[in-house]
Amino acid sequence: MNEKKKLIITTALKLFSAKGSAATSMQEIAELCGMSKGSLYLIFKSKEELEASTMEYCIYTLLDEMSQIEHEAGLTSRERLHKQIETLLLHVSELKEFLRVQLRSMMMDDEQHPGRKCDPHHRDMEIRTLHWFKDKLEDLYGPEIEPYTVDLILLTHGLFLSYIKIWFTEMPSLTVSKMATNLLQTMDYAAYGLLDQRPEPLISLENWPAWTSESKTDSTMMRHPIHIIKQMQDIVTTDLSAGQSRNDALETIAILKQEMMEFTPRRAIILGMMHNLENIPAIESLHSELQHILDAMYSRFIQADSSNK
């Protein structure tokens, strides 16, 4: 079933990206997956549910690639951010038809329901992105840039969307590398100008909802669980004393890693392996970090299941 679900999502993604979701039927997706339309509806109750799952798949694929770049050795802070911007632009390019429909739908929902409470998953992503971007700014310009975090986020967000619009509609000859370089240079001009002139920020962090939210998290949430598990494995291999306890821990980590690489990891196995890794001092902080991520994941899944009933 897990493999079927992954096949459906990746097939739908290809079709949505090629011609948009409105022009793609569930019958067409089912046929390309080699199954009946009825079998498809047993897995996804509606096209809207499939679209939401496809969007989530895109987000986590992107986060995984961004996380891998974050841990590449030999890159400066600027080179790392430049590569991450390029990765983001490439993903947007590959999925432009699908993303265009999704963004239009989100904007219409916001207009039709202006007072509706923000989706917890979207808010969590906004918070994580804010913390990640804040850390990036401080890596590039030092901690004194903090008061201008929101101003620079708004500037960068606006530029990025403008680049995308021009790239798709008027200037397809623009290159990913050129846009990433220009975006970073514009950030430089703005950041150094703000640090030189020290004006009052338009919006301070303390007044930005995503920063003051009760669910505020730190930038380590951007890390993919597999990277944390790999770090656990390296530490256990070198730091724990030889013997049965180390072998047991390594076997547990291997099972945990394998399960996390499944498209739909089994919660019972994950919880069991995490329990086995408790009270190992050498990986205590990593265990807490991973547990924090898993708690957020399962909380979201439980909310989604409840809403579908």
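Mentor: Let us begin with helix 8, whose buried residues are Thr149, Val150, Asp151, Leu152, Thr156, Leu159, Phe160, Tyr163, Ile164, Trp167 and Phe168. Please bear in mind that the model is predicted.

Trainee: How do you know what span to expect for helix 8 (residues 149-169)?

Mentor: The expected span is 1.5 Å times one less than the number of residues. Helix 8 has 21 residues, and the distance from its first C-alpha to its last is 30 Å, close to the 30 Å expected.

Trainee: Why is the pair of Tyr141 and Tyr192 called edge-to-face?

Mentor: Ring centres must lie within 6.5 Å to pair, and planes over 60 degrees apart count as edge-to-face. Here the centres are 5.3 Å apart and the planes stand at 90°, so the name applies. By this rule there is one aromatic pair.

Trainee: What makes this a link between distant parts of the chain?

Mentor: Tyr141 belongs to helix 7 (residues 120-141) and Tyr192 to helix 9 (residues 176-197), 51 residues apart.

Trainee: Why does Tyr141 count as buried, and why does Tyr192 count as partly exposed?

Mentor: Buried means under 20% relative accessible area, and exposed means over 50%. Tyr141 has 5%, so Tyr141 is buried. Tyr192 has 47%, so Tyr192 is partly exposed.

Trainee: What makes His82 buried or exposed?

Mentor: The relative accessible area of His82 is 17%, so this residue is buried. His82 lies in helix 5 (residues 77-94). Neighbours within four places in sequence aside, His82 contacts Ser177, Ala180, Thr181 and Leu184.

Conventions
Residues numbered from 1 in each chain as written. Predicted model: local features only at pLDDT ≥ 70, side-chain atom pairs only at ≥ 80, totals over all residues. Heavy atoms only, no water. Phe/Tyr/Trp six-rings, centres within 6.5 Å; stacked < 30°, edge-to-face > 60°. Helix = DSSP H or I, 4+ residues; strand = E, 2+ residues; numbered from the N terminus. Buried < 20%, exposed > 50% of the residue type's maximum accessible area, 1.4 Å probe, protein only. Contact = heavy atoms within 4.5 Å.
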